[in-house]
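Here is a short report on one protein model. Read it with the structure open beside you.

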Amino acid sequence: MKEYNAIVIGLGAVGSAALYFLSKNGTQVLGIDRFDPPHPMGSSHGETRISRLAVGEGQEYVKLARRSQEIWNQLGQESSQQLFCQTGGLLIDSGLRPWTKHGGSSFFDTTCQIAQSEKIQHEILSEESIRKRYPAFVLSDQARGYLERSAGYAFPERIIRAQLDLAERNGAKIRINQPVRSIQQRNGWVEIDLIHERFRARQVVIAAGGWILDFLEKEEKERLKISRQVLHWIAFEKGSPMAELNSVFMWGFGPNPSDFLYGFPSLDGSTIKIATEQFEDSGHPDLLLRSVSRREKERFWEEKLQGKFQGLLPKFERSEVCFYTLTPDAKFVIRNHPQMDQVKFVSACSGHGFKHASALGEELAGELLMRF
Ligand SMILES: Cc1cc2nc3c(=O)[nH]c(=O)nc-3n(C[C@H](O)[C@H](O)[C@H](O)COP(=O)(O)OP(=O)(O)OC[C@H]3O[C@@H](n4cnc5c(N)ncnc54)[C@H](O)[C@@H]3O)c2cc1C
């Protein structure tokens, strides 16, 4: 049985970062994934992810978001590519009734409070100034905006690829297209079973994203939801204000968590990526409906998009399915295995984890290195 200091199960956003930082310190480390990351089956695909520092999901996450941006810039230099694009980020609130998100109170107000207390540079915009600077949005008169210069978008597939490539360059071993079937701790080792192979390590990290369900106890599993999300790339009229939209945006247009749209500047000059959120439980990542029907796109247009953007066309060029792993309080799962003290769970859950994932991987690697 081949032995390692550490094994990372799952090489998505968090696992690839943990593998990279463990390898950087010369640890003998193995990473295993059930697919070939970066891949479109988990929670880290679809071209872009928003990163913002005043994270309304909780002030405790601010330092992770900051550090991840630094890591992406360093990794970008090391791998000679752009991994993060600082476009600025606009948060729009309808101003009608407080918009809630991730189980908190007014997401807009919380974001502003965190920006103030963490000294994150920002501007509060009136409806009139949003309209002037961002003519793409059709707003209600009461709308208000929060603009953060340090926000922008990351390229998730590139980041995962870079973390894995650099980890391998540092000596990490990687097994792909092989799901871990079981783990067992005995005699100071954790044994990992794949279909045809077995490994053992002193420390194991389970960074399996939504498949964390396969490793959790029944009661905890029941507290998590796997919620299907759809990303759409939608065409806009040539020369319309959509072409000039140069910041990432999040827009709470009503009081409910699903009265929400977010989007990105166009990367190809003819389409814009826009999505909403929904919170129904699909049970397990393997049970997700992976196709997007014409009716589903029509409903998205009718219920969420129509009348909200200048120049956006009801023409869907591409749609992709992804999923959130939702915890009841929208926080992450980061803790030791209840029965195996050499095994740690890390899942950057609840639909806001990418912006923190690289820093989480770094923290995790630091913690494990202290245990060797
Ligand atoms: C549509 C969408 C939009 C989002 N937008 C944003 C955003 O704008 N900003 C933001 O910060 N966050 C965003 N998120 C959330 C963020 O992308 C996720 O929280 C984050 O990417 C999750 O990373 P992860 O490493 O936990 O999971 P994943 O990246 O899914 O990685 C888990 C890995 O584990 C592997 N695996 C699973 N089971 C096994 C097994 N048994 N054996 C071996 N390998 C296994 C999988 O194959 C996978 O590669 C979004 C999520 C979605 C779905």
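## Overall shape

With 372 residues, what radius of gyration does the protein have, and what would a compact globule have? The protein has 21 Å, which agrees with the value near 21 Å for a compact globule of 372 residues. This radius is taken over C-alpha atoms, and the globule rule is 2.2 Å times the number of residues to the power 0.38. Along the principal axes, the C-alpha atoms fill a box of roughly 65 × 45 × 35 Å.

This is a predicted model: local features need pLDDT of at least 70, side-chain atom pairs count only at pLDDT 80 or more, and totals for chains, interfaces and linings use all residues. Residues are numbered from 1 along each chain as its sequence is written.

The protein has eight helices and 19 strands. These are DSSP runs, numbered from the N terminus: helices are H or I with at least four residues, strands are E with at least two.

Buried residues make up 46% of the 372 residues. A residue is buried if 20 or more other C-beta atoms lie within 10 Å of its own, exposed if 12 or fewer, and partly exposed in between; C-beta atoms are placed from the backbone. Now take contacts between residues at least 6 apart in sequence: 73% of them join residues at least 24 apart. Two residues are in contact if their C-beta atoms, placed from the backbone, lie within 7 Å.

The domain assignment gives domain 1 (2-47 + 156-222 + 330-371) and domain 2 (89-149 + 225-326). Such bounds come from an automatic or database assignment. The C-alpha centres of the two domains lie 30 Å apart.

Where does the ligand lie relative to domain 1 and domain 2? Both domains give residues to the shell around the ligand, so it lies between them. Of the 39 residues around the ligand, Gly-10, Gly-12, Gly-42, Gly-209 and Gly-353 come nearest. A residue counts as near if its C-beta atom, placed from the backbone, lies within 6 Å. Elements giving two or more residues to this shell include α1 (13-24) and α8 (354-371). By class, the shell has 21 nonpolar, 13 polar and five charged residues.

## The nonpolar core

The largest nonpolar core has 106 residues. Such a core is a set of buried Ala, Val, Leu, Ile, Met, Phe, Trp, Tyr and Cys residues joined through C-beta atoms within 7 Å. Helix α1 gives the most to this core, with eight residues.

Ala-18 is among the residues with the most contacts inside the core. Leaving out residues up to four places away in sequence, Ala-18 touches Val-8, Val-205, Ala-207, Gly-361, Leu-364 and Ala-365.

## Two places to look

Start with helix α3 (residues 107-117), whose buried residues include Phe-107, Phe-108 and Ile-114. Their cover includes α2 (62-79) and β5 (89-93). Just after α3, Lys-119 takes a positive phi of about 55°.

Then find Phe-332, in the loop between β17 and β18 (333-336). Is Phe-332 buried or exposed? Phe-332 is buried, because 24 other C-beta atoms lie within 10 Å. Beyond residues up to four places away in sequence, Phe-332 touches Ser-347, Ala-348, Cys-349 and Gly-353.

Terms used:
Ala, Val, Leu, Ile, Met, Phe, Trp, Tyr, Cys and Pro count as nonpolar, Asp, Glu, Lys and Arg as charged, and the others, Gly among them, as polar.
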